[in-house]
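Welcome to a short tour, to be followed with your viewer open. Have the selection tool ready, and we will go from stop to stop.

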Amino acid sequence: MTHDPVAGAAMAVRTHAYAPYSRFQVGAAVETVDGRIFAGCNVENAAYPEGTCAEAGAIAAMVAAGARQIRRVVVCGGTGAACTPCGGCRQKIREFAPPEAEIAMISPQGAVLVVHTLADLLPDSFGPGSLA
């Protein structure tokens, strides 16, 4: 079991995922630059692809609380393989995180499977600064 509160939040929220179709539960947690933690889980929908990813849920909770800067992200998938953010979520993370932000993928038991920076996962990204 992990002592990392961000990983703990991702693991805990994963158990609340609504995944009746894929049966693939995912939890994610974002830590803001001021140390707050926001979690989200995947929510599937019979009208595929209208569901939402865990990372999007965590980001929405963060924004709803008034936070805007992500320090790091932890994603907890349902198997022993790393569950990396999809392309859309990588871009959503980029809206609020710098390229050097850490993204860790963990197992349901909390074992760290792989850690990347956002730049590793989304090289040469288009972000808020690209519009300046």
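Which residue in β5 does Ile 106 stand opposite? Select Ile 106, then look across to Val 112. Keep in mind throughout that this is a predicted model.

**Stop one: the hairpin.** Now widen the selection to residues 102-106, strand β4, and residues 112-117, strand β5. The two run antiparallel and are joined by five bridges. Five residues lie between these strands, and among them you can pick out Gly 110, with a positive phi near 100°.

**Stop two: three annotated cysteines.** Next, select Cys 53, Cys 86 and Cys 89, which an unreviewed UniProt entry annotates as "binding site". They span 37 residues in sequence, yet no two of their C-alpha atoms are more than 8.5 Å apart, so they gather at one spot. Show the largest pocket too: Cys 53, Cys 86 and Cys 89 are in its lining.

Take them one at a time. Cys 86 sits in the loop between β3 and α3 and is partly exposed, at 36% relative accessibility. Cys 89 belongs to helix α3 and is buried, at 1%. Beyond its neighbours within four places in sequence, Cys 89 touches Cys 53, Glu 55 and Ala 56. Cys 53 is partly exposed, at 31%.

**Stop three: the sulfurs.** How many disulfides are there? The count is zero. Finally, select Cys 83, which is buried at 14%.

Note on methods. Residues are numbered from 1 along each chain as its sequence is written. This is a predicted model: local features need pLDDT of at least 70, side-chain atom pairs count only at pLDDT 80 or more; totals for chains, interfaces and linings use all residues. Side-chain values use heavy atoms; hydrogens and water are left out. A disulfide is a pair of cysteine sulfur atoms within 2.5 Å. Buried means under 20% relative accessible area, exposed over 50%, partly exposed in between (1.4 Å probe, protein chains only). Two strands pair if DSSP finds at least two bridges between them. Helices (H or I, at least four residues) and strands (E, at least two) are DSSP runs, numbered from the N terminus. UniProt positions are given in the numbering used here, feature names are shortened, and annotations may be inferred rather than shown by experiment. On a 1 Å grid over the protein atoms alone, a cavity is a set of points where a 1.4 Å probe fits but cannot get out, and a pocket is an open set with protein on both sides within 12 Å along at least five of seven lines; lining residues have an atom within 4 Å of a point. Contact means heavy atoms within 4.5 Å.
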